[in-house]
Amino acid sequence: MDRIYSYINEHSQRFIDELATFVKQPSISSQGIGIEDCATLLTQMMEEVGIGYEVMPMGGDTNPPLIYGELSSPGASKTLLVYGHYDVQPPEPLDAWDSPPFEPTIRNGRMYGRGTADNKGQMFAHLKAVEAILKTGGTLPVNLKFMFDPEEEIGSPNLDRFIRTTGDKFKADIGFYSDGPIHPSGRPKVSFGNRGMCYVEINHREAGRDVHSGHYAEALPNPNWRMIRFLNGLKDDNGRVTIEGFYDDVLPVTDAEKAVLAEIPFNEKASLDDLKVKRFNITDDVSFWETTTLVPSLNIAGYASGYGGEGAKTIIPCKTRVKIDMRLVKNQDPVDIFEKFKRHMETEGFGDFDLKMLGCCGPRRTPLDNPDAPAFIEAARKVHGKEPVVLPSGGGTVPLAFFDDYLNVPLIAIPYGNPDEMNHAPNENFDLDLFIKGIKTSATLFYELSRI
Ligand SMILES: [Zn+2]
């Protein structure tokens, strides 16, 4: 590995310059800006490294190009599928940036620009790891496949369907991606999954328009009373969701998972102070990390009705709207949860509410005892010289459930970003030391995997 690490150190400035070229090319999926041009640039960068590529139009309304790459190695027995995305979030609000979002600028050892960390810098690290191995006379210890998504930032609306029809191409023994930050303590992080999501919106209307409350109050139904009664019945006094069957498919948390969760640093007092709250809804049995990663949630994300501005206004609102997100854990099916939610609404007497599903994404989790898992942990440990924080599942949602559901490729992530990467926000940035460490981690991972 020393020869490879030296090569990466010697060429680090060029790698940074190349990353700047990549960032300079806008690729804003939600606005349809620059995706095709960025795809072309990416394929050139893959070609330079020696990775065979294929541009795969995904169909759908916009027919965006998924970039597939493949590099087989004679003698390698294991195949690793690397996922990344080359689209970025919109840069707005532009005046909040200290330097323009698509003019990458280096300040204090960080590159600032939209997509530096999310996800261009992190996915680019994998390509440069391949270069470092091949240019130092090595042969790749594993076969590599790459899947570069053109629309992750808008929830990958075409990916699931596309993979279902082209799945065989992506068959691999194990999957890998880098997105998000390392642990705030400065330790590297290895993540084995993500929660899924079922997002619903409920609309309920009574009158055709808002009316004077002095003229009609008590005579005219206010839609909020029934909505509040419905919402109030969604959880019992202990905070358990009352929807019949909501927890049916949830797998029990194993002792091994509990042990790993207990190792994750958590400064409860600092978190409480930071959030300015007195306590978390956690118990001695179910810890903060278990609650936020391995237990499903039901959250009221928004409520809109009537007058919420300054001062008083006396009306009976004619309509009310609620948004609810449910984070789901391994083995729960978001469509099934939606059906159960609907049935609950009907049996409780609120079947006239207008319910729709705004978002749907399955959960995903690779078992901690996956035989390849030690390679990921060891790669992160070796490069950082620190013990990695192991997460059985992240609390958030990533649209990669198809890896579990029908690709049958277990997926493990090692994020390379800095905790203050400001992804999705103005002044997004990538710590360049972590970028270089990321290249080394990817290269190390390829070798560690080949030893298993
Ligand atoms: Zn993102």
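A residue is called buried if 20 or more other C-beta atoms lie within 10 Å of its own, exposed if 12 or fewer do, and partly exposed in between, with C-beta atoms placed from the backbone. Phe 170 has 20 C-beta neighbours inside 10 Å and therefore counts as buried. The model is predicted: local features need pLDDT of at least 70 and side-chain atom pairs count only at pLDDT 80 or more, while totals for chains, interfaces and linings use all residues. Residue numbers start from 1 along each chain as its sequence is written.

Phe 170 sits in the loop between α5 (159–166) and β7 (174–177); helices (H or I, at least four residues) and strands (E, at least two) are DSSP runs numbered from the N terminus. Beyond its neighbours within four places in sequence, Phe 170 is in contact (C-beta atoms, placed from the backbone, within 7 Å) with Leu 81, Lys 145, Met 147, Ile 163 and Leu 407. Its C-alpha atom is separated by 8.8 Å from that of Val 409, 239 residues apart along the chain.

Elsewhere, 4 antiparallel strands form an open sheet in the order β12-β14-β10-β15. Strands pair if DSSP finds at least two bridges between them. β12 (297–305) and β15 (354–361) are at the edges with a single partner strand each, so one side of each has no neighbour in the sheet. The twist averages 15 degrees from one strand to the next. β10 (residues 196–205) and β15 are joined by 7 bridges, and Met 197 has Cys 361 in β15 as its bridge partner.

Two helices lie across strands of this sheet. Axes are lines fitted to C-alpha atoms, for helices over the stretch in contact, and angles run from 0 to 180 degrees between N-to-C directions.

| Helix | Lies across | Angle |
|---|---|---|
| α7 (residues 223–232) | β10, β12 and β14 (319–328) | about 15 degrees to β14 |
| α11 (residues 334–347) | β10, β14 and β15 | about 30 degrees to β10 |
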